[in-house]
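This report covers a chain interface and a set of aromatic pairs. Please look at the structure first.

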Amino acid sequence: MPPHPLSRIRRAAQWGDVRSRGLGMIAYTLNRVTGLGLVVYLYLHLIVLSLLAGGPSSWDAFVQIARSPAFLVLDVILIAGWLIHGLNGLRVTLTGFGIGLRSQKVMFVVLMAVAVVALAAMAVMVFSA
Amino acid sequence: MTRELTLEIFRYKAGDAAPHFDTFRVSVPETANVLDAIEVVWAVHDRTLTFRHACHHASCGSCAVRVNRREKLPCITPVSDYANGRLTIEPLRNFPVVSDLVVDVSGFFQRMTASGLVITRTAETSLDGKPVKLAEGMSRYNRFEDCVECGICISACPTMAASDRFFGPAALAGIFRARQETSNRPDKVRLLELADGEHGVWRCHTGWECSDACPQAVNPAEAIMSLRRDLIVHRFKKLFGK
């Protein structure tokens with residue numbers, strides 16, 4: 001077997017390369033990026049919850065930070081990740097059952113439009129609460 | 001009318017420390033295809049350039065390369081598609097490179113053989129699945145499959161980039177077609193089980209790149225999703241003893 005001139009890591013990195021690729025590949029990469037982001041968030045969330053063990057003073061200090069505009073932007077990014085991953089996941093599930101195979105691109109565009117509208121509404125709610 | 005092109009071509013020979021690109025400037029007729037331009041490079045500039053080609057009309061699938069990052073059959077890709085005249089030509093991804101634009105397709109063909117896909121149909125069935133009577137004077141029907149086994153779907157597939165053991169879009173589409181061809185139930189079940197497993201249809205992460213890139217509209221992604229649906233139905237039936 002001849003050697004492969006690309007290293008295994010460089011080959012595997014191709015799944016994140018959307019240059020010149022189609023809509024399906026953009027959806028594929030979006031799902032992975034948001035999925036990884038949500039996993040990181042899960043651990044951050046557990047770390048934050050562990051502050052409760054430090055009593056009311058440590059929790060109240062965190063709540064002050066959580067109400068800052070910079071933190072609220074992170075909240076909006078988190079909601080964007082949930083919406084994109086969840087709605088695109090719905091498309092992946094449907095096509096995985098053989099449903100909507102011919103309209104998977106349209107489904108992606110429509111679901112992402114829903115995500116944008118829902119994100120805008122939730123961003124307003126986050127900043128006006 | 002001629003067109004001036006700048007071709008950046010991937011170069012790699014066995015023993016090289018790393019691949020590199022060579023740049024060539026060529027002049028080709030306005031109506032030329034990309035393969036014509038590659039042949040000019042070989043004929044006029046560098047006889048050591050290695051590339052694969054045969055039919056020049058998208059039947060053999062042997063010339064498949066990547067042109068400006070997209071998988072193409074250069075024999076049917078007009079140079080006029082690239083308005084700025086700059087073309088970067090690379091071998092297909094996810095195959096070991098033998099030399100320059102030539103990749104080792106042996107593993108790919110082994111999987112295609114395992115899929116049970118015959119290149120020509122040996123029997124024709126009607127829509128209700130019953131064999132069609134042969135016309136008088138004919139001993140059998142021969143109808144060519146759409147897949148030209150070019151390997152473009154393997155190169156486009158992001159899952160293939162991460163796993164050499166994935167059965168791959170073309171072979172899975174082959175299994176789907178082979179299942180359509182036979183009315184023999186044990187064969188249908190055997191083929192379905194071949195597509196099952198962690199390196200079969202479940203390994204696909206639905207990037208749909210195989211279907212986007214396929215030059216023959218075989219639509220491997222749709223075949224993979226259809227096999228998944230058939231597997232789910234098959235498992236439910238087994239669960240209830242049918």
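A salt bridge is a side-chain nitrogen of Lys or Arg within 4 Å of a carboxyl oxygen of Asp or Glu. By this rule, 5 salt bridges cross the interface of chain B and chain A. One of them joins the side chains of A:Asp17 and B:Arg69, at 2.5 Å from N to O. The model is predicted: local features need pLDDT of at least 70, side-chain atom pairs count only at pLDDT 80 or more, and totals for chains, interfaces and linings use all residues. Residues are numbered from 1 along each chain as its sequence is written, and side-chain values use heavy atoms, with hydrogens and water left out.

Chain B gives 34 residues to the contact and chain A gives 30 (contact: heavy atoms within 4.5 Å). The two chains bury about 2,800 Å² between them, 50% of it on carbon and sulfur atoms. Buried area is the accessible area (1.4 Å probe) that two parts lose on being put together, summed over both.

The structure holds 6 aromatic pairs over all chains. Rings of Phe, Tyr and Trp (its six-membered ring) pair if their centres lie within 6.5 Å; planes under 30 degrees apart count as stacked, over 60 as edge-to-face and the rest as tilted. Two of the pairs are these:

| Pair | Centre to centre | Angle between planes | Class |
|---|---|---|---|
| A:Tyr41 and A:Trp82 | 6.3 Å | 90° | edge-to-face |
| A:Trp59 and A:Phe62 | 5.6 Å | 40° | tilted |

Ring pairs also link A:Trp59, A:Phe62 and A:Phe71 into a cluster.

Technical notes:
Chains lettered and ligands numbered in written order.
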